[in-house]
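We will go stop by stop.

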Amino acid sequence: MNFQETQSFNLLKKHKVFLDDFSIMDLFNQNPARFEEFSTSLGDIVFDYSKNKIDKKALDFLFKIANNLNLKEKIQDMFNGVKINTSENRAVLHTLLRDNISKNIMVDGVNVIEYIKLNYQKMINFADDVQKGIYKGIKGDRILDVVNIGIGGSYLGSKMVIEALKPYKTPLINFHFISNIDSTDLTEVLKKIEPETTLFIVSSKTFTTDETMTNALSAKEWLVNKLGEKAVSKHFCAVSTNKKEIAKFGINPDNVFEFGDYIGGRYSLWSPIGLPICIAIGKNNFQKLLDGASIADEHFKNCDFEHNIPVLMGLISVWNVNFMNVVAEAVLPYDNYLKFLPMYLQQLVMESNGKSVDRQGNFVQYQTSPIIFGDEGTNGQHSFYQLLHQGTENISCDFILPIFSHNEVGEHQLKLLANGIAQSEALMKGKSKEEAFDEMVSQGISQDNISKLLPYKEFKGDRPSNTFLIKQITPETLGMLVAFYEHKTFVEGVLWDINSFDQFGVELGKQLAKNIVKDLKSDEGISKHDSSTTGIITMVKALRNNK
């Protein structure tokens, strides 16, 4: 069952028509206590959702829909190891990576708690040795550069978190990320490092991902040319479960870290995939990151829907997408350290819910995932905010506002916060023709020019947004925030009746690329393609052969 098949859907649809007669500002004017009633908090994070065109009645209908779809039970199923990833017949247990529970969770006859704790301890011990300089390279040098080789979930989480928690990072080690199969990505990193003081982390669960293994083999060749074959066992480690291929590569089994197939790549930063994070911020801060996420998990599991931040995030997103014609969500962190958060959430949300087939294999008749994009702080204001304010599409925004900076200088932080707060207010209020007229009159603009400019100066407003007020970005608050978005994505998937945990759409282009590589390398004819693809391959071959 999806949200359209519930008892409350048609009632909510009728109520939406009623709300069409009101603006968000009207709802504030009708209810002076709207902020207090439409915001909630957990620890050092406040979630304000009052600037959405939604009222208590609409929320009550959404809660009823969630109950009709057994959301509470489905949340418990995920935490208890039920195989909710039905298309791949897998459990979804990334939450166990940050859970201190002692009870057993059995998956296919294996106690996964025991397995997770074993690999967690092995990872933090290794990370601690690297950070403290106990682990050394083949010539006895301490590690000064860590290079993560992975793609998608095998690098985005680590890259985002290390940047977000830069104030907590060890100054003794530099971190680099190679993901793109473009050789420039690899070459630019190799220019900056010395083989004797570098540790490569190859992150690939299967140890067969084409981009990752192409980069890993080239990095290995570079290292071997400089230090010899024996150096591989000291300067490479792996996050993977393919022991056979790892052994062929030459990596020491002691430097291999595993996680189960019940951990999806885009949910894996809490696992040994987060090894670079653990090295960067240390085992204590890494544990605080997990603790923050665990606090969010307990809140998601146990809090009533009316005050449950991820549930509210998910329900409001479905409301905006399916009732208010929102096509995209902008993630707008007003903190330079969070610059990679929008990119991280792009994968989390769009790879999870960018689906058009429901759990029964039927094509859905409604929109699912919105497009996710964003940028940090006032940079975005001078980029795409024009579209947010006056574009033809309805786009919702998440403003993420840390109250305190780790680098307080003069009035910078107050001005940064003022900009974020002002943007959410402006998106909601807009500017009427009368206000635009009065403003131009006060500026001394002539009547003729006022008439010409008036249509351009009007802002319709009524654009929805949420605001996260966060005391400061710390390991705990970052862990909470990321977990909120993970669970929001889950809630959306339940209402849309889609599997948020597979990603078959990622594979097709990669499969076709294998054949095209053969065509590009072959001296013979090109295999069968459409005329455009054939023409492009022919031209590429001709130009490269005549270089």
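Predicted model: local features only at pLDDT ≥ 70, side-chain atom pairs only at ≥ 80, totals over all residues.

**Stop 1: H7 and H14**

Select helix H7, residues 156-164, together with H14. Their axes come within 9 Å and cross at roughly 150°. H7 and H14 are therefore roughly antiparallel to each other. Their crossing is left-handed. Now show side chains. H7 brings Leu156, Gly157 and Met160 to the contact, and H14 brings Leu341, Met343, Tyr344 and Gln347. Five of these residues are nonpolar and two are polar, with no charged residues.

**Stop 2: H14 and H20**

On the H14 side, pick Leu341, Tyr344, Leu345, Leu348, Val349, Ser352 and Asn353. On the H20 side, pick Leu481, Val482, Tyr485, Glu486, Thr489, Glu492, Gly493 and Trp496. How do the residues of this contact divide into nonpolar, polar and charged? There are nine nonpolar, four polar and two charged.

**Stop 3: the six-stranded sheet**

Colour the strands next. Six of them form an open sheet, in the order S1-S2-S13-S12-S10-S11, with mixed pairing. Which strands sit at the edges? They are S1 (39-42) and S11 (371-374), each pairing on one side only. From one strand to the next, the twist averages 15°.

Zoom in on S10 (residues 326-333) and S12 (residues 394-402). They run parallel and share seven bridges. Click Leu332: its bridge partner in S12 is Phe399.

**Stop 4: helices on the sheet**

Bring H14 back. This helix packs on the sheet and touches S10, S11 and S12. The direction of H14 makes about 175° with that of S11.

**Stop 5: S5 and S6**

Finish with another strand pair. Select S5, residues 145-149, with S6: the pairing is parallel, over five bridges. Asp145 has Asn174 as its bridge partner in S6. Is S6 (residues 174-178) mostly covered or mostly open? Mostly covered: four of its five residues are buried.

Note on methods
Residues numbered from 1 in each chain as written. Heavy atoms only, no water. Contact = heavy atoms within 4.5 Å. Helix = DSSP H or I, 4+ residues; strand = E, 2+ residues; numbered from the N terminus. Nonpolar A, V, L, I, M, F, W, Y, C, P; charged D, E, K, R; others polar. Pairing = 2+ DSSP bridges. Axes fitted to C-alpha atoms, helices over the stretch in contact; angles between N-to-C directions. Buried < 20%, exposed > 50% of the residue type's maximum accessible area, 1.4 Å probe, protein only. Parallel < 35°, antiparallel > 145°, perpendicular 65-115°, else oblique. Left-handed = near helix turned anticlockwise from the far one by under 90°.
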